[in-house]
Amino acid sequence: RNAGTFETWLNLFVKFFQIMPPKDLQLPKSNKDVLTTDSLYSIQQYSKYYTNPYVKARKWAVRCITRILQLYGRPKYVIQSEVKPFASLFMEKYARKFMEQFYFGILRQHIGDQFVYFKTLAPAITYLNLCIHYGNLFQLLLENNAKYLDNIIFTCMFRIVRLTAKDLSQWQDDPSGFVENSFRFGLGAMDDTYDPRSCALKFIQDIVRIRSRYTFEKLLQFSQQLITNSHQQQIQQNQQNQQNQQVKNNNVDPKYLDMMVNKDAVLCILGQLANILRKAEDEKYVDALKDLIMQHVVPDFQSPFGFLRARACWLVGKYWKLNFGQQEWQLIGINVIKSLHDDELPVQMEASAGLSKVVLEKSGSLLNYIKPQIPAILGRYLEIMNDIGTEAVVQTFDTLIDRLDQGIIPFATDLLKKMLEMFSAFHVEIEKYIKTHPEEWENFQLPSGNVANKTADKPQNKDDDQKKMQRSEEQQKEQLKSFDDNLASAMQCLKAIHTILFSSTALPELLAKLEEIMKPLINKCFTDDFLYYQFYKEEILDFVHLFSFYMNPLSIYCWQIFPKILEGYCINLWSDQFNRCMQCAVNYIKAAFKNQLPFEEFINQNFMDVVLTFAETAIHDDNINILMFTSLFENLLCCFRQVGYVKMEKYVPRILEMAMNKYTESSLQPSTQGAMLAIVSLVAYNNPTLFIKLLEQNKTTDTVLSILMSNYQDLMWPQQKAMVFGLSSLLLIDGNNIPPSLGKRYKEVIDVTAKSVIFMNWEDELESGDDEEEEEEEEEDDNIQNGQNGHQNGHQSVDQDDDDDDDDICICPSTSEIAEDDEDDDSSSSSGSGSSSSSDSGSSDSGSDSNGDGDTDSSSESGDDDDNANNAAAISSGSGATANDGASDSQLSASNMLTGSNDVNRYDVIYGVIIGLFAAFI
């Protein structure tokens, strides 16, 4: 808009960075000693540095330039076309200038004797990380015989990764504070944007991945040399201390301590490169990794330094996918289990996290070896959670019990009670926050119909206003942070509870006992305590879903809360939870069908009316998953087809009217129109005689049939499936009940049905050329030679294979098999709670496998087919409703296809329909 203005600003930034830092930013000589380089200075000790105008100005200048490069400095990845000229200008004229200033100035000053604010250092490293994606900018580091490249990796970044004097001091003096503030050495911090150590590790990871030709071998040689030196130093020190007790960190030789800190930093870097190193094509690298872990890492479990013991636990967890031998896994497992009893809390935490990883190893030998020790291990985990009630520890516990699966059944009751106690401890703080901040939940609707924190009836209270004014901004932030931390920990407890419940589903009697324990928590969602438990509605609904899916028969309590769940949706208590409510409804429909319960009059409740009221409310919500909505009626109309314990003829008119009214609405989405037609077809399948009778009464037979038969090509496959069975059912109407308006169109019905079957099974061949991905590393390395832009993928260039501590575990709870996802550990994230709603959801066969709430519509549970051979409609679990006596076996086979699992072969459907039509005409 203003040509030249921004370039003027950039020139001012360049001039500012050329200004030498003032002399009063030079650190005291004592801070140059070993282990004293620290980017996180004490505010009390270094207050004069924080208030220096140059420090503040440089902080904002670095952040501005880094943000400019991220958003507007890369020509290929700017969205606005008018910004592209500026992006080209910045890349060609200014990017290298700022790179020089950040490297030669800020980075080197930090490892020297100048104070550099950590909020300045971290964005500067991020800027350099972005620059290495471009060949012409990376050339700067290759100058002077690549000495700059070696310096930035092995001197600058390595010094930043190292533990500092402050870290070691906090480890000794305040271990619980170290765990709380810097779990896993700061790598699990809430915001890594301004954590120099995290940014340095990210820089090393990206430069090794993208510029492997120049860095891979050098880094391995550097690591090998440091580890060898530290090993020799350890041997010498052990010989000197054979007669002494465990050495304290503050009493050891500074050179020895410095060497051990170097080893810790090297192992930290190798752990961050786990995904790159373990996928190396050359087997020698993988074999070297195994030797490294067995010869230099496993012995560190007995190290006198706590940080090395913790690092050993952490590193074996990073490399759990390596193929160690059975004895090697047992040795690793023994040491990790012993570390659970370590005297230092950080080691205990790393051991708990490491054990939850190594039990995932593919051979299963370690898991079999530790199974006899399960009671002691679980007991120790609970003790650790008592001492350190953080979200991370609870999450590792959840992962472990998920892996042990049915092995925890003997301890399920005690574990469940303990997790509920821990949840209550976290929830107390949440409830306290809500009570002290009522203004945040004014006019909150409760399940009973009451309203919490009314403003209309509340008199003006000057004392309350005064209290709000007295809260400082810092106090507000501190209280909110405490609230968020406790809420995250409480959520992790609920996930662990879900895992325990899922592991117990193999024993219905045990599951019934666990339901009794869970009742008080579940009830909170349906009373006025919902104000304090509103954050857990998804988890509590998942508990109900699990009980209603796996228990057989359902308890009376389970039936009593069913209408409350759907009513809560209707009165907007959890209007965003349609998918979970629908899944629960399907479970109850199947339970009623399986046990032949009078769904319309059971325990003094008309559940049919409750379900239809829920559907009539949901149909006006444009945000619901329309396929799942259709599947509700698919189960309802197929389960209760021609049964004696539910009189569907009373409700068919209501369903038909609802679907046709919705279909006739203007500006309706095609998917919604198709869903309504599918429901109409399901009504025809449920009771074709009544269906035609209702159409004749309203004189709409020709209209509805024309709509059905003219729109089959616009429907999705599950909807087409419903239409095929609905139209073919019309052929089974008794001759005396066939009106002329239907009889004259029988030929057309047969023709459209056959065409629909053919159309829904027509598959076009797709080109596979677009599925191939280019190798970014090779292209970028080649571009270096030509001086071209080596940055190939913008934001996507950031390593997508980051082995995140919390996200690299994927467990399939239905089979307890490990998902071997070697492409991307992050993509297999299940937090150990793969047994949650996404795996055990027993919703219908709607053709939809996911929904907005993260639930899947899985229909993998097997049913009871042995006593239901004559069923006319099989629900997703494989059982069905009683058929009429006049229907042939071939027609029953066809109808059984309607609500089968999603894995039904389409050609089986074709076969079933053809046989059904043939039988009908005979």
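Visitor: What does the accessible surface of the protein come to, and what share of it belongs to carbon and sulfur atoms?
Guide: Keep in mind that we're looking at a predicted model. Its accessible surface comes to about 41,100 Å². The share belonging to carbon and sulfur atoms is 48%.

Visitor: How much of the protein is buried?
Guide: Here a residue counts as buried when its relative accessible area is under 20%. The protein has 922 residues. Of these, the buried ones make up 56%.

Visitor: What pLDDT does the protein average, and where does pLDDT stay under 50?
Guide: The average is 77, and 74% of the residues score at least 70. One stretch under 50 has 19 contacts beyond four places in sequence, and that is residues 185-190. Another has 12 such contacts, and that is residues 246-250.

Visitor: Which residues have the most contacts inside the largest nonpolar core?
Guide: That core has 269 residues. Helix H6 (residues 135-161) gives the largest share of this core, 16 residues. The ones with the most contacts inside it are Phe-90, Tyr-536, Phe-599, Phe-629, Phe-633 and Phe-640.

Visitor: Take Phe-633: what is it in contact with, leaving aside neighbours within four places in sequence?
Guide: Contact here means heavy atoms within 4.5 Å. With those neighbours set aside, the partners of Phe-633 are Leu-612, Ala-615, Cys-638, Ile-655, Met-658, Ile-679 and Leu-682.

Visitor: How many residues of helix H14 are buried?
Guide: H14 covers residues 306-318 and reaches 19 Å from its first C-alpha to its last, close to the expected 18 Å. The helix is mostly covered. Its buried count is 13 of 13.

Visitor: Where in H23 does the kink lie?
Guide: Helix H23 (residues 508-523) has 16 residues that should span 22 Å at 1.5 Å a residue, and its end C-alpha atoms are 21 Å apart, which agrees. There's still a kink of about 45° in H23, shortly before the proline Pro-520. The kink lies at Ile-517.

Visitor: What covers the buried residues of H23?
Guide: The residues being covered are Leu-510, Leu-511, Leu-514, Glu-515, Met-518, Leu-521 and Ile-522. Their cover includes helices H20 (412-436), H22 (473-503), H24 (530-533), H25 (537-550) and H26 (556-570).

Key. Residues are numbered from 1 along each chain as its sequence is written. This is a predicted model: local features need pLDDT of at least 70, side-chain atom pairs count only at pLDDT 80 or more; totals for chains, interfaces and linings use all residues. Side-chain values use heavy atoms; hydrogens and water are left out. pLDDT is the predictor's confidence in each residue, from 0 to 100. Helices (H or I, at least four residues) and strands (E, at least two) are DSSP runs, numbered from the N terminus. The expected span of a helix is 1.5 Å times one less than its number of residues. Buried means under 20% relative accessible area, exposed over 50%, partly exposed in between (1.4 Å probe, protein chains only). Accessible areas come from the Shrake-Rupley method with a 1.4 Å probe; for residues, only the protein chains shown count as cover. A nonpolar core is a set of buried Ala, Val, Leu, Ile, Met, Phe, Trp, Tyr and Cys residues joined through side-chain atoms within 4.5 Å. The bend at a residue is the angle between axes fitted to the seven residues ending there and the seven starting there.
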